[in-house]
Amino acid sequence: DTGRTAAEAAQAPVEHVPFVVDRTVEELLAAAQASHKELCRSVSICAKRLEIGKKDIVKRGISPDAFLQTAYQLAARRLFGKPVQTYESISTASFSHGRTDAVRPLTSPMDEFVRAFLAKDRPQPALRDMLDQAGRVHRKMCSNWKEGRGFDRHLYALKCLAAEKGVPVPRLFTLPAYQQWSRDLMSTSQLGTGSKSTLFPGFGPVTDVGIGVGYGIHKDESYVHVTARHAAKAEQFASDVDLFAHQLLGLLDGSSARL
């Protein structure tokens, strides 16, 4: 404690703090730097601006987040050829020390809609009803999770406590179903919805074969920032999101929207 105020400390001259770095530290730093460069080299990024904004989506009677998450599910189904576990972060900041919980967008209504939309075997009124149902379920789930009714973080905390206290890990966490449930091939997060920006923030995939999807929804446009370990995978997904988003708008407007 120097007795200085924060303002005084901010104006104080910068002091040089020498570091003594021996050979062991140098080798560790070199290894960390090489690992970091390799990780950066292995991750491909594709950012795309969508000419669809909150205004366009809301006036058609669907939640903007549910709308984009539906486009992501359609694009992921085409990319992976199967349903994939999906993570979406949701804020719990209304609670003291609250941070996030995990919403799982691939609900049963969402999966049913994706299958029907891609199969081209349903009339448009039926598809519209299925999309509305998937959107309602998604919006309600997000609302409930914001109120602390989620379970993802709770289960993870129980797993960590078991390891910390040295007690046997509950059988639930060893089941193949839980292992598959906790392996997110698609990790998504809405990263800001403020004023338009030329910056498209994002993050890396959380699995080697997965994708990371950062996105923002603005009044007149949206953006999607996709990362993957393979450039073609990121580019295909971003392009398909744009394609499916416009097809979903067509469906909501009653025009031809299917592939």
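Six strands, ordered S1-S6-S5-S4-S2-S3, make up an open sheet whose pairing is mixed, two strands being taken as paired if DSSP finds at least two bridges between them. Strand S1 (44-50) and strand S3 (100-103) are the edge strands, each pairing on one side only. From one strand to the next the twist averages 20 degrees. In general, the strands of a sheet pair through backbone hydrogen bonds, either parallel or antiparallel.

The model is a predicted one, in which local features need pLDDT of at least 70 and side-chain atom pairs count only at pLDDT 80 or more, whereas totals for chains, interfaces and linings use all residues. Residues are numbered from 1 along each chain as its sequence is written, and side-chain values use heavy atoms, with hydrogens and water left out.

The chain holds nine helices and six strands; these are DSSP runs numbered from the N terminus, helices being H or I with at least four residues and strands E with at least two. Its C-alpha atoms fill a box of roughly 70 × 50 × 40 Å along the principal axes. Of the 259 residues in the chain, 41% are buried, where buried means under 20% relative accessible area, exposed over 50%, and partly exposed in between, with a 1.4 Å probe and protein chains only. Among contacts (heavy atoms within 4.5 Å) between residues at least 6 apart in sequence, 68% join residues at least 24 apart.

Within the sheet, strand S4 (residues 186-190) pairs with strand S5 (residues 211-217) in the parallel sense over five bridges, and Met 186 has Ile 211 in S5 as its bridge partner.

| Helix | Strands it lies across | Angle |
|---|---|---|
| H4 (residues 64-80) | S1, S2 (86-91), S4, S5 and S6 (222-228) | about 155 degrees to S5 |
| H6 (residues 124-146) | S2 and S3 | about 155 degrees to S3 |

Helix H6 includes Asn 144, which counts as buried because its relative accessibility is 17%. Apart from its neighbours within four places in sequence, Asn 144 is in contact with Arg 149 and Gly 150.

Conventions. Axes are lines fitted to C-alpha atoms, for helices over the stretch in contact, and angles run from 0 to 180 degrees between N-to-C directions.
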